[in-house]
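Dear colleague,

I am handing over the structure below, and I would be glad if you kept it open while you read the notes that follow it.

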Amino acid sequence: MSTIEVTENLGATLADQYRVVRAVSEKLCETLTTEDYVIQPMPDCSPTKWHLAHTSWFFETFVLKDRLPGYRSPHPQYDYLFNSYYNAVGARHCRPKRGLISRPTVDDTYKYRAHVDAAMLDFLSTAPASTLAEIEPTITIGLHHEQQHQELMLTDIKFVFWENPLRPAFRPSDIGSIGEGSLAGMELHPSGGMPIALDGHDVPVPQWIDFDGGLVQIGHEGSGFAYDNESPRHQTYLQPFSLAKHLVTAGEYLAFMNDGGYRRPEFWLAEGWTTVQTQGWNAPLYWEQHDGEWWQFTLTGMRPVDPAEPVCHVSFFEAEAYASWAGARLPTEFEWEHAASTLPIAGNFVDNGLYHPASPLTPNNGGTGIDQMYGDVWEWTQSSYAPYPGFQAPPGALGEYNGKFMCNQYVLRGGSCATSLSHIRPTYRNFFPSDARWQFSGIRLARLGTTA
Ligand SMILES: [Fe+2]
């Protein structure tokens, strides 16, 4: 293959990938109004406008300014406004004040995206093969970075709309509104186990799937993209363990609540119990009672809590307390990865357009008997977010991408209904602080195995 063919192929391939990913970000915004783009209801949530600009800044900073001769940003201060946390790049705007920026306008932000897109596509069609080969890993990180922000755009706009008493819907739906439907009665747990009484407090009994444990390989190696925090691949010893066949359902979680789960300190870690007290938690985020029935806010508006769907928007503290109440524990991230490593990557991802976790209607277990490992909700693990043996952050600004956050956070696995299918893999490590619950985060139980 000639050098010219390599240039054309790599440049064209990257251009195709770039167009697809960048278009998804804007497609997600098609139902937003100008006012929706600007609000920042808490420091963890960035305005939609900021996400759109920051993901463009990433390509501008790490590709165009270095590699496209003569490239100029539309505004010299964008570098300051849209740098998220890269100290090596320079000073930046205060994160909690992103919602106070009315300029650039939404229209100017889209013009900024178009400016960066035109430059990127120009670069990809004209750069020498050697340059493209050098920069390809950075462009690929930029595309995965944009997919991460697409999920954050959804979780953040959900919190924005939740703060609005009108409870606007991100996407229209024909599902009933407040005043319709009922949670009365009994529902059959999807595992086929005992029925869950919505006004009851019986501790549900999961169906357990056993794993032998032993010496297993953890982490990424080989071709294909992975973040630095997924390497090096290494050996870990696992005791025999069992994982629950299904995610914890809303009906099961309601039994925990009905049994005084949020009022009984014996289930909670000390810091978790303090958080319950100070935050006034008595249910998952986005749940509220109307006329004695539990409803939840979704990206398609308010709807009754479906007891068969996975419980969602719980913190690590809540996941841990539920597991304690249920006489089980959370899996380690290594148990999760070992169990998931041979499963097909399929499930309820953002590609489905549901924007909400769903009941396990279609088994996806690859013959192992375990369901919903991928998609629906990120699964909290008991593993602290820490470097793998031999991990070293890469040199330069992009070395700040993951490594410097390995403190006071827990690992979540598997992706959610807001994650792109093409973004996830068995070794993927997400991470959030123990009190975070505005992500699509849920619970799978584990216990010591019985196969030893
Ligand atoms: Fe970012």
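Helix α2, which covers residues 48–67, packs against α5 at an angle of about 175°, and the two axes lie 9 Å apart. Please keep in mind that this is a predicted model. Since angles over 145 degrees count as roughly antiparallel, α2 is therefore roughly antiparallel to α5. On the α2 side the contact includes T48, H51, F58, F62 and R67, and these belong to a group that meets residues of α5, among them T131, I135, G142, H149 and I157. The residues of this contact divide into nine nonpolar, nine polar and two charged.

Helix α5 itself deserves a careful look. Along the way α5 bends by about 45° at I135, and a proline, P137, follows within four residues.

A127 is buried, because 20 other C-beta atoms lie within 10 Å, and a residue needs 20 or more to count as buried. Apart from its neighbours within four places in sequence, A127 is in contact with G11, R67 and L132. Of these, G11 is 116 residues away from A127 in sequence, yet the C-alpha atoms of the two are 7.9 Å apart in space.

As for the whole protein chain, it has nine helices and 14 strands, and 41% of its 452 residues count as buried.

Terms used
Residues are numbered from 1 along each chain as its sequence is written. This is a predicted model: local features need pLDDT of at least 70, side-chain atom pairs count only at pLDDT 80 or more; totals for chains, interfaces and linings use all residues. The bend at a residue is the angle between axes fitted to the seven residues ending there and the seven starting there. Helices (H or I, at least four residues) and strands (E, at least two) are DSSP runs, numbered from the N terminus. Axes are lines fitted to C-alpha atoms, for helices over the stretch in contact, and angles run from 0 to 180 degrees between N-to-C directions. Angles under 35 degrees count as roughly parallel, over 145 as roughly antiparallel, 65 to 115 as roughly perpendicular and the rest as oblique. Two residues are in contact if their C-beta atoms, placed from the backbone, lie within 7 Å. Ala, Val, Leu, Ile, Met, Phe, Trp, Tyr, Cys and Pro count as nonpolar, Asp, Glu, Lys and Arg as charged, and the others, Gly among them, as polar. A residue is buried if 20 or more other C-beta atoms lie within 10 Å of its own, exposed if 12 or fewer, and partly exposed in between; C-beta atoms are placed from the backbone.
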